[in-house]
Amino acid sequence: MKEKQGMQIRTAGGIRYEFTRKKVKNINLRVRTDGTVAVSAPRCVPAERADAFVSARAAWITAARMRAKERRAEDERPYLASPEQALAIFTGISERIFPLFADVLHGQRPAIRVSRMKTRWGVCTPAKRQLTFSLRLAEKPREAIEYVVLHEYAHFVHADHSPAFWAVVARYMPDYAERRKLLSR
């Protein structure tokens, strides 16, 4: 067992992990993007209890590590569309969806941007009247792209993901749930 600044390297259930005692209420488990595992626990929790916690979640940790590895591979994969090609795709779809939200936006089209986002398909920034889409989104089926563009436009009406927000999405795209599933392919 190696120790650095209050952190211990431990192994439980075949899982090697970093254990740290902190001022927290619960035992917390995190699988980082590089696949390493970190556990933090209240100062009063014995290390053996953290070991049991990790052992009980070994299957979940293994699956999370596999997902992290797949995400890293996806992040390293070359983009199939250039930012200019993606912008053209998003702008074309936006032109068809904008009229549905023109009143809310007082007739002013939002700026469309493309970014190499890793954790989101799109972002709406109402204060800047701006929509930003992931470059990877351009690789998805058109139906999925249309869903994301409409989803982001709906944030001009409701900034959150409340039932009222989803009602706006469903009003204009009743099959949004099926389209959303296309994003995970």
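Biologist: Why is Tyr176 called buried?

Modeller: Its relative accessible area is 19%, and the label needs a value under 20%, so Tyr176 counts as buried. Keep in mind that this is a predicted model.

Biologist: Let's talk about rings. How many aromatic pairs does a search of the whole structure find?

Modeller: Eight aromatic pairs turn up.

Biologist: Why is the pair of Trp166 and Tyr176 called stacked?

Modeller: Two checks here. The ring centres lie 5.3 Å apart, and a pair needs them within 6.5 Å. The planes stand at 20°, and stacked means under 30 degrees, so this pair is stacked.

Biologist: What does the pair of Trp166 and Tyr176 tie together?

Modeller: Trp166 belongs to helix α5 and Tyr176 to helix α6 (residues 176-181), so the pair joins parts that are ten residues apart in sequence. Elsewhere, ring pairs link Phe101, Tyr153, Phe156 and Tyr172 into a cluster.

Biologist: How do you know that His155 is buried?

Modeller: Its relative accessible area is 8%. With the limit at under 20%, His155 is buried. You'll find His155 in the loop between α4 (142-154) and α5 (163-172).

Biologist: What makes His155 and His158 a polar contact?

Modeller: The backbone oxygen of His158 is 3.1 Å from a polar atom of the His155 side chain, and the limit is within 3.5 Å. Leaving out residues up to four places away in sequence, His155 also touches Cys124, Pro126, Asp160, His161 and Phe165.

Biologist: How do you know that strands β4 and β5 pair?

Modeller: Pairing takes at least two bridges, and β4 (residues 28-31) and β5 (residues 37-42) share four, in the antiparallel sense. Val31 stands opposite Val37 in β5. The two strands form a hairpin with five residues between them, and in the turn Gly35 has a positive phi of about 90°.

Biologist: Where does the charged end of Arg57 sit?

Modeller: Over the ring of Phe53, 3.7 Å from its centre; the distance limit is within 6 Å. The charged end of Arg136 sits over the ring of Tyr79, at 4.0 Å from its centre.

Methods:
Residues numbered from 1 in each chain as written. Predicted model: local features only at pLDDT ≥ 70, side-chain atom pairs only at ≥ 80, totals over all residues. Heavy atoms only, no water. Buried < 20%, exposed > 50% of the residue type's maximum accessible area, 1.4 Å probe, protein only. Polar contact = N/O pair within 3.5 Å; in protein donor to acceptor, adjacent residues only side chain to side chain. Contact = heavy atoms within 4.5 Å. Phe/Tyr/Trp six-rings, centres within 6.5 Å; stacked < 30°, edge-to-face > 60°. Lys NZ or Arg CZ within 6 Å of the ring centre and 35° of its normal.
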